[in-house]
Amino acid sequence: MKKNAEDLSGYNLRLYIAGQTPKSIAALSNLRGLCEKYLSGRYRLDVVDVMADPALAQRDEIIAIPTLVRCVPEPIKRIIGDLGNSDRVLTRLGIDVSAKV
Amino acid sequence: MKGIAKKIQASEVETLRLRLTEAEEALQAIAKGSVDALVVGGPRGPVVSTLAGAQEPYRLVVERMHEGALTLGEDRRILYSNRHFAHLLGYPVAHLVGKPVANFVAPEDAARLADLLDHGAKQPASRELKFRRRDGSATPALVGVGSLTLDQTPALLLIITDLTAQKHSEELAAAERFARSILEQATEAVVVCNADGRITKASFAAERLLDKPLEGKLLADAVPMEVELPAEAHHSGVRMSSREVLELVLERHSLRGAEAQICLPRLHEKHFLLSAGPLSDEPGGCIGCIFTLTEITDRKRAETQQTMLVAELNHRVKNILAIVQSVAWQTLSANHSPSEFKRAFDGRLRALSLAHDILTQGRWGHVDFEQLVERSLAPYHGGDHGMRAQWSGSRLSLPPNMVVPLSMVLHELSTNAAKYGAFSVEHGRVNIAWRSDGVNVLFTWTETNGPPVKGEIKAGFGSKLISRVVSYDLLGTADLDFDREGFRCALTFPVPKLRTDALRPLSAAPSPVH
């Protein structure tokens, strides 16, 4: 089974949330589930709470919360929303579902 | 060059296309309600604007309530945690969301949690569980579980009430009950004081001893003591008051086995052993003292009596040795052949031994004179010897110091009768009588039917010993009459004084025969 180029490297993800808003919580919960299922042991997740410091949102030009930023592998990609649509999220992140054992 | 420019241009176009796509997705997400906050520019930089809905007030209530609140998905991962629960475990909220709730329960409670969640999915249920905090410690909590539906998906709602304070209170109450029961059941007087010297707790035994309630009173007033510090203490031999002992113990010195007396009229004859030690709180500060008083009055009395007995025994041993030495010397001076000396000395030692047997049997108390007479004459009277002596007299109770001298006198009289007088022939008889005129005891020894006395009779050593003993030890007189009809002896000595010191049966010892 051939993996695409993106799958061969680790993932560096950054999730922007706004405190305990429902969508933020849902996004974090959905993302953890996907990461543990498809990227176990080869991802790093940073959770950035813009409520604590809104200026942090400027780094990745965030306009809506929640937003997931795929920093590595490049190119940088942003996915906005609660990440409830797993297929769409996996596609946008470039994760080959068939690679999962 | 043109090729490179085209590539850069293509890359920029791609980036712009990507950004456009993201912008379109952002708009769609906002339109669909997939986002609930926007980052907008403000005069002082970016500002987060939340898109609060109708649920916002409820969310705020859950966020600010003093119980932990969790929602779990069907896979029992945490979908939502309020800040209180995260704070309870010592994690940021983001660390909890998406993880199995079982990760945060003490391992020994994992099965109980699973069981609780199974029940809670069917009908509301609650149970006490221990959660594992970030620092590794366990937090007891009451967990209530109920089911709910989130976006048409079944979920569980958990309300977690921290029981740490309640458990701590229960432990404190249990410790208090335990301490109280110890105080109630202690047979010793236990008194607990605070640093001001005021009694905060006292055992039943302590209140019974002092015959009043003690709690709330100053130790120095309620239990005034005079304490002698034990030999091993820093200030050994020093006598201290209750207040001084308190100050000593508050400086973190402990006392073990200090003898104490309570300076109250009702208790001044009682003796106690005092143990005292500092009472420390958790940080190690001295917050008071614990005093334990054990009554040792009986032990002290026994120790005093034992000391007295040892001294008395020592005195008596010396006394008896002096008597034996005196008897030996006098016997030796009156008997020139070794066989005569042996016979005479053995007889006198037996008389001495008999006197001590009688004294020991009577625990060195008073001895009945008639008993002494009977036992002294036993070798010559009764049994195979027949009834060769008779005696009568008023009841005469002899103090211990008169027993040895009278025993010696009776021995000399009996020996003399056996050698030369009434006991030397079959029909010889001895009549013994005594009476008291209130001042003196009049004792007579009269021999009849003895062998005829021939020629001049010379007083022998036995006669001298009798006279000497009666004179020196009984403070009386002896009149010996060697009549041809039979030997007669009349003794007069003061009536023994009735002893009143019943507590000191061994204090009066026989004086040596000189």
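Student: How many salt bridges does the rule find across the interface of chain A and chain B?

Tutor: A salt bridge is a side-chain nitrogen of Lys or Arg within 4 Å of a carboxyl oxygen of Asp or Glu. Across the interface of chain A and chain B, the rule finds one salt bridge. A:E36 forms a salt bridge with B:R77, with 3.3 Å between the closest N and O atoms. This is a predicted model, in which local features need pLDDT of at least 70 and side-chain atom pairs count only at pLDDT 80 or more, while totals for chains, interfaces and linings use all residues. Residues are numbered from 1 along each chain as its sequence is written, chains are lettered from A and ligands numbered from 1 in the order in which they are written, and side-chain values use heavy atoms, with hydrogens and water left out.

Student: Which element gives the largest share of the side of chain A that touches chain B?

Tutor: Helices (H or I, at least four residues) and strands (E, at least two) are DSSP runs, numbered from the N terminus. The elements of chain A that give two or more residues to the side touching chain B are α1 (22-38), β3 (64-65), β5 and α2 (86-93). The largest share of that side, eight residues, comes from α1(A). With contact taken as heavy atoms within 4.5 Å, 32 residues of chain A are in contact with 32 residues of chain B.

Student: In what order do the three strands of the open sheet stand?

Tutor: Strands of a sheet pair through backbone hydrogen bonds, either parallel or antiparallel. Two strands count as paired if DSSP finds at least two bridges between them. Here the order is β3(A)-β1(B)-β2(B), and the pairing is antiparallel. The edge strands, each pairing on one side only, are β3 of chain A and β2 (45-50) of chain B. Two bridges join β3(A) to β1 (residues 37-42) of chain B, and the bridge partner of A:I65 in β1(B) is B:A37.

Student: Why is strand β4 of chain A largely enclosed by the rest of the structure?

Tutor: Buried means under 20% relative accessible area, exposed over 50%, and partly exposed in between (1.4 Å probe, protein chains only). Five of the six residues of β4 (residues 67-72) of chain A are buried, so this strand is largely enclosed. Five bridges join β4(A) to the antiparallel strand β1 (residues 11-17) of chain A, and A:Y16 has A:T67 as its bridge partner in β4(A). β4(A) also pairs with β5 (residues 77-80) of chain A over four bridges, in the antiparallel sense. There A:V69 stands opposite A:R78, and β4(A) and β5(A) form a hairpin with four residues between them.
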